Amino acid sequence: MKAMVIDKYGNAPMRLAEVPTPNIGEYEILAEIHAASINPIDFKIRDGKVKLLIKYEMPLILGNDFSGVVVRVGAKVSRFKVGDEIYARPRKSKIGTFAEFIAIHEDDIALKPKNLSFEEAASIPLVGLTSYQALHDIMQLQSGQKVLIHAGSGGVGTFAIQLAKLMGATVATTASEAGANLVTTLGSDEVINYKTEKFEELLENYDAVFDTLGGTSLEKSFEIIKRGGKIVSVSGLPNARFAKEHGSGFFKRLLFSAASYKLTALEKKHDAHYSFLFMKPSGEQLRIIADYIESGKIKPVIDRIFSFEEAQQAMEYAESGRAKGKIIVKIK
């Protein structure tokens with residue numbers, strides 16, 4: 001099969017290669033991939049930035065979510081059959097959606113929302129699960145609470161705003177002037193132009209912050225949170241609590257603790273709760289998300305669709321930070 005691979009860590013282009021079609025285990029299905037989406041985790045993996053969390057063998061096929069069709073099922077697969085249209089985020093040890101086929105555990109997949117094209121469906125799994133796990137599982141966001149979602153016009157932001165509104169929250173977001181109209185139509189109650197305004201001076205007493213940027217944006221987020229408030233980041237640093245929850249050894253706990261000391265100090269100073277989110281695959285949660293989409297409560301937001309051969313250009317476009325919504329690679 002054809003696949004987009006990297007041969008080593010570092011900012012080098014992906015190359016189109018011919019690789020063996022994967023074998024499937026008894027609880028796995030083989031999916032023919034119709035479309036995949038680009039996510040920041042793709043270039044973080046390529047650059048070697050998640051080596052401490054997970055190691056990959058080279059050559060590596062990148063790509064972290066997709067939509068497609070089941071073409072083969074393992075002996076013990078019970079929930080899916082050949083011909084089912086599905087969408088999914090594979091588990092971290094089994095990534096590789098920039099390819100014609102993928103082997104994936106049946107627990108990680110769900111039937112594609114019926115009202116979406118394959119391209120639209122491919123835009124959802126990673127950002128949908130990330131948003132759901134941040135807002136629902138960790139923040140446990142309640143109706144009437146206030147949440148700041150950073151980078152509202154990005155892939156995660158466009159989904160998270162819709163989900164937060166569905167949960168009854170008041171939503172503020174940061175966006176450029178070019179993205180302001182989009183985030184407003186998605187339901188954002190307050191839009192802060194990050195180029196001309198400082199969110200930390202305009203907002204206060206927030207229940208939660210969903211950070212997708214890291215760095216100073218994350219640090220300043222502590223200034224707007226109320227006592228006992230929650231900050232969830234997908235771009236900040238993992239802390240000792242994250243290491244403990246994921247069963248990391250003593251050395252890694254020590255390493256994460258040292259690296260995140262500044263965030264831990266801010267956590268104590270502001271009496272807040274900081275969590276680093278390394279999202280987990282979940283077919284069950286994708287089924288919940290599919291219901292939201294089929295009932296018209298959440299819609300996909302797509303910026304551009306590239307062909308399979310243009311996957312490297314799609315990656316470069318994603319890294320430019322100009323996209324409003326998701327970037328899709330059409331494979332079939």
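Some ground rules. Residues are numbered from 1 along each chain as its sequence is written, and side-chain values use heavy atoms, with hydrogens and water left out. The model is predicted, so to speak: local features need pLDDT of at least 70, side-chain atom pairs count only at pLDDT 80 or more, and totals for chains, interfaces and linings use all residues.

Let me start with the sheets. Helices (H or I, at least four residues) and strands (E, at least two) are DSSP runs, numbered from the N terminus. Two strands count as paired if DSSP finds at least two bridges between them. As a reminder, strands of a sheet pair through backbone hydrogen bonds, either parallel or antiparallel.

First up is the parallel sheet. In what order do its six strands stand? The order is β11-β10-β9-β12-β13-β14, and the sheet is open. The edges belong to β11 (190–193) and β14. Each of these has a single partner strand, so one side of each is left without a neighbour in the sheet. Neighbouring strands here are turned by 15° against each other on average, direction ignored. That angle is taken between axes, which are lines fitted to C-alpha atoms, for helices over the stretch in contact; angles run from 0 to 180 degrees between N-to-C directions.

Look at one pairing inside this sheet. Strand β9 (residues 146–149) and strand β10 (residues 170–175) run parallel and are joined by four bridges. L148 has A172 of β10 as its bridge partner.

Now a helix. Helix α3 (residues 125–138) lies across β12 (206–211), β13 and β14. Its direction is at about 155° to β12. Contact, here and later, means heavy atoms within 4.5 Å.

Next, β3, which covers residues 28–38. Is β3 mostly covered or mostly open? Mostly covered: eleven of its eleven residues are buried. Buried means under 20% relative accessible area, exposed means over 50%, and partly exposed lies in between (1.4 Å probe, protein chains only).

β3 has several antiparallel pairings. With β5, the count is seven bridges. E32 has F101 of β7 as its bridge partner. With strand β16 (residues 326–330), there are four bridges.

The three-stranded sheet is quick. It is open, antiparallel, and ordered β2-β1-β4. β2 and β4 (60–61) stand at the edges with a single partner strand each, so one side of each is left without a neighbour in the sheet. Two bridges join strand β1 (residues 2–6) to β4 in the antiparallel sense. Opposite I6 stands L60 in β4.

On to salt bridges. The term covers a side-chain nitrogen of Lys or Arg within 4 Å of a carboxyl oxygen of Asp or Glu. How many does the structure hold? The count is 17.

Take K76 and E26. Their side chains meet in a salt bridge at 3.7 Å, N to O. K76 sits in the loop between β5 (66–73) and β6 (85–88), and E26 in the loop between β2 (15–18) and β3, so the pair ties together parts that are 50 residues apart in sequence. K76 is partly exposed at 44% relative accessibility. E26 is partly exposed as well, at 40%.

The β5–β6 loop also holds R79. R79 and D107 form a salt bridge at 2.8 Å, N to O. D107 lies in the loop between β7 (101–105) and β8 (109–111), so this pair ties together parts that are 28 residues apart in sequence. R79 is partly exposed at 41%. D107 is partly exposed at 38%.

D271 is partly exposed at 36%. R227 is exposed, at 68%.

There is also a network: salt bridges link R46, D47 and E319.

Last stop, E200. This residue lies in helix α6 (residues 199–202). E200 is buried, with a relative accessible area of 16%. Leaving aside residues up to four places away in sequence, E200 touches K220, E223 and I224.
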